Amino acid sequence: MIVGIVGCGAIAHIIAQNIKDEDTSIEIKYFYDKDGERAEDLANFVNGVAVSNFDDMLGKVDLVLEAASQSSVRETALKVLNSGTDIITMSVGALMDTELRNELIQAAKDNDAKIYTPSGALIGVDAIKAASIKNISSISLTTRKSPKSLGRDVDKKEVLFEGKASEAVKEFPKNINVAATLSLASGKDIDVKIIVDPEVSRNVHEVVVKGDFGELKTRTMNFPSDANPKTSMLAALSAIKLLRSFDEHFIIGT
């Protein structure tokens with residue numbers, strides 16, 4: 001499988017480095033970034049090819065991995081799917097736009113393509129997907145991050161946001177993709193609280209779900225990526241595991 005990456009930042013580097021060092025049929029070969037130098041650097045690192053125009057990788061890849069931004073999803077995902085190519089979307093917050101999501105799903109159906117969204121920086125996504133078969137009565141996410149991770153200059157704990165996931169992903173497009181993942185997995189626009197806390201050094205996500213299945217509570221305490229504190233290491237690892245699964249014959253999880 002030939003893979004092209006859109007967005008050559010911290011997540012892309014972690015993914016490319018790990019796949020490069022593995023004995024797998026997955027080859028990450030093409031790289032695009034609006035900053036051409038970043039694409040060149042990552043391509044050189046894995047003996048790949050940097051393209052100056054995103055369209056140049058279409059028709060040459062079996063799958064595109066988007067690791068750039070919500071705006072990048074809007075600019076590239078439809079082109080990818082209309083070419084009959086699968087896509088992994090890391091900036092899942094973009095898919096909270098119902099009109100865009102429905103348009104992409106229809107394009108995927110029309111062109112026999114698939115849209116993948118990794119579980120990202122969360123645990124328990126499989127269980128929530130399973131629970132959504134029956135009624136989920138409530139689901140909430142409380143996220144705590146350091147001022148550095150949220151790009152804030154504060155010296156005491158403060159609630160920055162309290163509301164629905166659909167609004168959270170607009171106000172914090174680089175910080176709260178987990179809210180979109182939970183919403184899409186559960187089929188609900190979940191309740192979200194975002195707290196900046198100088199006392200925490202990890203990205204903490206607490207999830208509470210209640211429904212016909214019973215009750216679920218999870219607490220994920222992620223190490224931020226060294227290269228980008230807004231990103232949790234687990235988010236990159238979830239994409240690596242998804243890529244590996246395309247080469248596996250024994251699949252665990254929903």
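Twelve is the number to begin with: the structure, a predicted model, holds 12 salt bridges. One of them joins the side chains of lysine 20 and aspartate 21, at 3.9 Å from N to O. Lysine 20 counts as partly exposed because its relative accessibility is 41%, whereas aspartate 21, with a relative accessible area of 55%, is exposed.

Glutamate 22 forms a salt bridge with arginine 244, and the closest N and O atoms are 2.4 Å apart. This pair links distant parts of the chain: glutamate 22 belongs to the loop between helix H1 (10-20) and strand E2 (27-32), arginine 244 belongs to helix H9 (residues 233-245), and the two are 222 residues apart. Glutamate 22 is partly exposed, its relative accessible area being 24%; arginine 244 is likewise partly exposed, at 36% relative accessibility.

Since lysine 79 lies in helix H3 and aspartate 55 in the loop between strand E3 (49-50) and E4, the pair ties together parts that are 24 residues apart in sequence. Lysine 79 is partly exposed, with a relative accessible area of 39%, and aspartate 55 is partly exposed at 36%.

Helix H3 itself comprises 13 residues (residues 70-82); at 1.5 Å a residue it should span 18 Å, and its end C-alpha atoms are 19 Å apart, which agrees. Just after H3, glycine 84 adopts a positive phi of about 80 degrees.

Elsewhere, five strands form an open sheet with mixed pairing, in the order E8-E9-E7-E10-E11. Strand E8 (158-164) and strand E11 (214-222) are its edge strands, each pairing on one side only. From one strand to the next, the twist averages 10 degrees. Strand E10 (residues 203-211) pairs with E11 in the antiparallel sense over nine bridges, and histidine 205 stands opposite threonine 220 in E11. Helix H8 (residues 177-186) packs on the sheet, where it touches strand E7 (136-145), strand E9 (191-196) and E10; the direction of H8 makes about 170 degrees with that of E7. Finally, a network of salt bridges links Arg144, Glu206 and Arg219.

Technical notes
Residues are numbered from 1 along each chain as its sequence is written. This is a predicted model: local features need pLDDT of at least 70, side-chain atom pairs count only at pLDDT 80 or more; totals for chains, interfaces and linings use all residues. Side-chain values use heavy atoms; hydrogens and water are left out. Helices (H or I, at least four residues) and strands (E, at least two) are DSSP runs, numbered from the N terminus. The expected span of a helix is 1.5 Å times one less than its number of residues. Two strands pair if DSSP finds at least two bridges between them. Axes are lines fitted to C-alpha atoms, for helices over the stretch in contact, and angles run from 0 to 180 degrees between N-to-C directions. Contact means heavy atoms within 4.5 Å. A salt bridge is a side-chain nitrogen of Lys or Arg within 4 Å of a carboxyl oxygen of Asp or Glu. Buried means under 20% relative accessible area, exposed over 50%, partly exposed in between (1.4 Å probe, protein chains only).
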